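User: I would like to learn how to read the main features of a structural model, taking one idea at a time. Could we begin with how the exposure of a residue is classed?

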Amino acid sequence: MRGPRPDGSRVLAATSTVLALIGTFVLVGAFVLVGAEPARAGDNTFIEVTPNSVQAGKRVSIRASCDNSNNRQAEAHSDAFSGRVTLRPDNGFLTGSATVPSNREPGDYPVELRCSSNTSGGNNTGDTAVTHLTVLNMTQPSKGPATGGGGTADGPGTGSLLVVGGIATLAVVAGFGLVNRRRPGTGS
């Protein structure tokens with residue numbers, strides 16, 4: 001059997017393997033984060049929903065941009081949150097929030113941004129952008145009774161039996177210790 005070399009080459013090989021794995025994870029993570037871009041329509045028109053996957057009954061935040069019109073309100077529309085949400089100017093973006101009804105069916109729902117146009121007459125023919133919101137409807141498991149493993153239950157349960165058994169074991173060990181001390185030894 002060969003042992004480690006005195007020059008530490010095995011340590012260096014293991015270290016370089018670990019560093020290569022960490023580098024791979026960093027590159028994959030960066031690729032995933034860069035690829036998760038909000039939906040864009042024009043140069044600066046986009047909408048994003050956070051989180052983009054949500055349990056039915058929970059609230060989502062919406063952030064959008066209507067190019068150079070972020071000083072006016074816009075609307076986000078989706079069947080995921082039953083209708084329209086007014087997005088208001090907030091630090092250079094348009095923001096709002098919506099609650100997904102608790103009875104919403106699971107699935108992917110489009111969320112559409114409708115920007116107001118500069119035309120008069122109340123026409124809402126401005127830019128639009130679309131992203132998707134995934135609604136989850138997972139049932140939460142119910143918790144079992146908090147019995148503490150039976151040690152806190154009323155009556156002589158497992159916890160009480162363990163305590164009694166421990167005390168009995170200590171008594172037996174102490175008794176053997178006393179018997180061995182009191183017995184006179186046989187001389188030589």
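Analyst: A residue is called buried when its relative accessible area is under 20%, exposed when that area is over 50%, and partly exposed in between, with a 1.4 Å probe and protein chains only. Here R114 is partly exposed, with a relative accessible area of 21%, and buried residues make up 21% of the 188 residues in the protein. This is a predicted model, in which local features need pLDDT of at least 70 and side-chain atom pairs count only at pLDDT 80 or more, while totals for chains, interfaces and linings use all residues. Residues are numbered from 1 along each chain as its sequence is written, and side-chain values use heavy atoms, with hydrogens and water left out.

User: What is the mean pLDDT of the protein, and over which residues is the pLDDT below 50?

Analyst: The pLDDT is the predictor's confidence in each residue, on a scale from 0 to 100. The mean for the protein is 73, and 55% of its residues reach 70 or more.

User: How many helices and strands does the protein have?

Analyst: Helices (H or I, at least four residues) and strands (E, at least two) are DSSP runs, numbered from the N terminus. The protein has 2 helices and 9 strands, and from the N terminus on its elements run α-β-β-β-β-β-β-β-β-β-α.

User: Which residues touch the most other members of the largest nonpolar core?

Analyst: In soluble globular proteins, nonpolar side chains tend to be buried together. A nonpolar core is a set of buried Ala, Val, Leu, Ile, Met, Phe, Trp, Tyr and Cys residues joined through side-chain atoms within 4.5 Å. The largest one here has 24 residues, of which I47, I62, F81, L87, L113 and L133 touch the most other members. The elements that give two or more residues to this core are β2, β4, β5 (74-78), β6 (83-90), β7 (93-99), β8 (107-114) and β9 (128-136), and β4 gives the most, with 4 residues. Leaving aside neighbours within four places in sequence, L87 is in contact with residues including I62, A64, L94 and L113.

User: How many salt bridges are there, and which residue pairs with R63?

Analyst: A salt bridge is a side-chain nitrogen of Lys or Arg within 4 Å of a carboxyl oxygen of Asp or Glu, and the count by this rule comes to 3. R63 pairs with E48, their closest N and O atoms being 2.5 Å apart. Because R63 lies in strand β4 (residues 59-66) and E48 in strand β2 (residues 45-50), the pair ties together parts that are 15 residues apart in sequence. R84 and E75 meet at 3.3 Å, N to O; R84 counts as exposed, at 52% relative accessibility, whereas E75 is partly exposed, at 27%. E112 and R114 also meet in a salt bridge, at 3.4 Å, N to O.

User: Is S65 buried or exposed?

Analyst: S65, which is found in strand β4, is buried, with a relative accessible area of 4%. The side chain of S65 reaches the backbone oxygen of N44 at 2.8 Å. S65 and L113 are 48 residues apart in sequence and 8.8 Å apart in space, C-alpha to C-alpha.

Note on methods: Contact = heavy atoms within 4.5 Å. Polar contact = N/O pair within 3.5 Å; in protein donor to acceptor, adjacent residues only side chain to side chain.
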